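The report below walks through a structural model, taking helix packing, a recorded domain and a chain interface in turn. Please keep the sequence and the structure at hand while reading.

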Amino acid sequence: MKIWKKGLIIALSLIMVIGLAGCGKSTTGEKDKDGSKSGENKSYDKVVYAYATFNNIPTSEVLDTVEEEINKITREKINVEVELLPIAIFDYSSSVSLALQGGEQIDLFQSLGDFNNSVSSDMAYDITDMIDVYAKETKEILGEDILAACVKDGRLYGIPTYKPYALTPMVVYKQEIADELGIDMSQVKSVFDLTDVLRKVKEAYPDMTPLVPVQTGTSGVNMTIPEVDYLTDDYFSPKGVLMGDSMTVVDYYGTEEFAEICRLVRTWYNEGLILKDAATTTSTSTELMSSDNSFCYIASYSYPPEDTAASISAQVGNIPLGAVQIGEAYLDTTSINALTWMVSSTSKVPEAALKFLNLTFTDPDVINLIIYGIEGRDYVMDEEGYVSYPEGQDASSVPYTAQLSCGTLGNFFLMHPMKGTKKESLIWEEEQNKLAKKSPAMGFTFDSSEVKTEYTAVSNVIQQYLPGLLCGSVDPEVVIPEFRSKLSDAGLDAIIAAKQKQLDEWLKNK
Amino acid sequence: MKKVVSKKNRGLTKSGPLLLIALPGIVYLIINNYIPMFGVFLAFKDYSYVKGIFGSDWNGFDNFKYLFRQDALLIVRNTILYNLAFIVIGTVCAILVAILMCELGERFRVKIFQSSLLLPNLLSWVVIGFIGYAFLNADTGFINKTIIRLFGGNEVAWYTTPKPWPFILLLVYLWKNVGYSSIIYMASIAGIDKSIFEAAKIDGAKKIEQIRYITIPMLKPTVVILTLMAVGRIFYSDFGLFYQVPMNSGALYDVTQTIDTYVYHGLMELKDIGMAAAAALYQSVVGFVLVVTANAVVRKIDRENALF
């Protein structure tokens, strides 16, 4: 028994050590809660604006100075004081949902690709009756068509970020290699034209894997299938989709288009034209492009090809890049409501929140303060109105910047352009929004709550098979049939039926 | 009467300091494990942010359905089999290491071996995942480019070949955890009365016999208590091991998917709090039932060693 006790003592002290370590971790997050209670002025409504940032999180003193500048405008214009709450992009969704559950104040937040779920779990405030009063100007800017993407059961639950929506599939490649081998990239009009180019590169550089994946689990080819409406699903986990002008929901994985691109990537894989570990690598496309071992990748961007190439080039150590369009942009509901600003259902000042949201779409001073911070300290502007960082500083060293969030906040077209981009591009982008072909089901959102059980199972099956197929590491002839039968076991048919039913309903009421 | 009181007091003075040592751990358990238990309500509710935990509508066992689908059975099988393998092989290896370590004798050497065995335990799974990646990467990995090339075999696309993965995972698990769990056994061995060994030596027992007839029987209580505790967690899995080490490769899901990763993959898109809570409740209820059963069995066989 004695030994037994000794062992127990040791075990207990181990628990204690582990316990202490655990405690130390969990307290850090609460600090900034007390630090940010400034501006106790009672005559103004306080609005908390939670936004995702891809840049560094500024210190609370710096944040206070930016808030103060914004408040100078908002106090006068709408009688509101604002508290900025930047949250790192990778834990934005979970932080916001935890904060709302825990009763913390957040009045405005963005649905990161999750419009439907935010609405069905009651996170979003119904702003149908308020928008005409408190955000009239925003409504005029966006227009009914765009706002329709945020409507569910006839009620409006949010305002989508106004930005270039249309994603255009492109190939981004290294200019020097193309020139050296005499490849005319402008001849590449579709993803199928790429094979010969990749072969040529491979022939000249046998040790190179010419094509790298755009992100973990996809070579980017899935985005080149034309005219797909994902009906509220994630692009990388489609369940039932619409194709072209047909209003029949189809199984994405059963289409000939899907089989065709899988076969194409399989050829690439077998010939060593694509990274072998494309399905699992966690390296980003920019990292992979920075190495000498790559030539191009396939991705979809909402900027003109030349601008895209220029801005990516800056991120990969200024290797000269080119970009060529290999498909047409297509707009569906998700491409618009993926980034929707919502007033939280727990907000005590929804009117004030909406008024402030309106300013982020209409007041250039407000939105530029949120994006770039304070002029002179955080950025400088030249005579032509282009923004750059103060001398000797960059995005990571200035006290405040949220520049990389520019496509996610308020009205993108009101933001000062960065040096290196062209003002004409903005016109191209706004045109694309209007010209891009729109899905016939534009405005339809699917409510998955009746098929939740099937969704979990199907998501798992998709994650098991899709990356391998999209990166060529498995043989589509064998795997697609197996994949489809597993999907069917997991309940894909029920999801497709539910989608069709809701879509028919929506068409009837349209 | 007086005598009884003083005996009681003596008990308290004896265990008082121990209780004090345990206090931070107990407080931690209350804050982190008991208070959040109110969350079990969520498992039976259709959660709404407006209505809150207690105000949301009940939806019976709907949240549990996805865990009992046909295709979820494989995941349950994986979880249990891996954990059984970890318990059995892990315990055997840990005891082996502990005995070897105690036989080293000289303190300096023990310290060096002990530290190097403990080191992997301090690494995070993400780091270990990348160490594994450095070995198994299809394009530049150490095994494909060096070892296989040396012996002239065919290169293997490790992250899309499921067969070897049960062994890889077991190996990685042992590498990370054996050093740590052997400490407890070492402590138990150190607590064995030296005179027993001396007596055995005089009687002519060899090293192997000493281990066979003294060390291992003396370790039995520790083995039983640790195994019982591990049985309680048989429905859980080390998320890092099953998610980071296989690099979340879809092609391996048949052999790497466990309840925790299945729930994670399934709910990443839905973010349904109720369903997540249902999975946690399911795991802990099964764990609880198993511990109670296992303990009852132990008590039947050997009353002394039972947990309660």
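## Helix packing in chain A

In a right-handed crossing, helix α3 of chain A passes helix α14 of chain A. The model is a predicted one, and in it the axes of α3(A) and α14(A) come within 11 Å and cross at roughly 120°. That angle makes α3(A) oblique to α14(A). On the α3(A) side the contact is made by A:T74, A:K77 and A:I78, which meet A:K355, A:F356 and A:L359 in α14(A); by class, this contact has three nonpolar, one polar and two charged residues.

A second pair of helices in chain A is formed by α17, residues 452-470, and α19, residues 492-509, whose axes come within 9 Å and cross at roughly 125°. These two helices, α17(A) and α19(A), are therefore also oblique to each other, but their crossing is left-handed. Here A:E454, A:Y455 and A:V458 in α17(A) meet A:L492, A:A494 and A:I495 in α19(A), and the residues of the contact divide into five nonpolar, no polar and one charged.

| Helix pair | Axes come within | Crossing angle |
|---|---|---|
| α3(A) and α14(A) | 11 Å | roughly 120° |
| α17(A) and α19(A) | 9 Å | roughly 125° |

Helix α15 covers residues 364-372 of chain A, and its buried residues are A:V366, A:I367, A:L369, A:I370, A:I371 and A:Y372. Just after α15(A), the backbone at A:G373 takes a positive phi of about 85°.

## A recorded domain

For chain A, an unreviewed UniProt entry lists residues 440-508 as "domain: DUF3502". In the model this span is 74% helix and 0% strand, and its end C-alpha atoms lie 14 Å apart.

Chain B has 13 helices and two strands, and along its principal axes its C-alpha trace spans about 75 × 65 × 35 Å. Of the 308 residues in chain B, 31% are buried. Among contacts in chain B between residues at least 6 apart in sequence, 70% join residues at least 24 apart.

At the interface, 44 residues of chain B are in contact with 50 residues of chain A. The elements that give two or more residues to the chain B side are α1 (2-34), α7 (165-190), α9 (207-232) and α12 (259-270) of chain B, and the largest share, seven residues, comes from α1(B). By class, the side of chain B that touches chain A has 24 nonpolar, 13 polar and seven charged residues.

The C-alpha atoms of B:L270 and B:I26, which are 244 residues apart along the chain, are separated by 35 Å.

Definitions and conventions. Residues are numbered from 1 along each chain as its sequence is written. Chains are lettered from A and ligands numbered from 1 in the order in which they are written. This is a predicted model: local features need pLDDT of at least 70, side-chain atom pairs count only at pLDDT 80 or more; totals for chains, interfaces and linings use all residues. Axes are lines fitted to C-alpha atoms, for helices over the stretch in contact, and angles run from 0 to 180 degrees between N-to-C directions. Helices (H or I, at least four residues) and strands (E, at least two) are DSSP runs, numbered from the N terminus. Angles under 35 degrees count as roughly parallel, over 145 as roughly antiparallel, 65 to 115 as roughly perpendicular and the rest as oblique. A crossing is left-handed if the near helix is turned anticlockwise from the far one by less than a right angle, and right-handed if clockwise. Two residues are in contact if their C-beta atoms, placed from the backbone, lie within 7 Å. Ala, Val, Leu, Ile, Met, Phe, Trp, Tyr, Cys and Pro count as nonpolar, Asp, Glu, Lys and Arg as charged, and the others, Gly among them, as polar. UniProt positions are given in the numbering used here, feature names are shortened, and annotations may be inferred rather than shown by experiment. A residue is buried if 20 or more other C-beta atoms lie within 10 Å of its own, exposed if 12 or fewer, and partly exposed in between; C-beta atoms are placed from the backbone.
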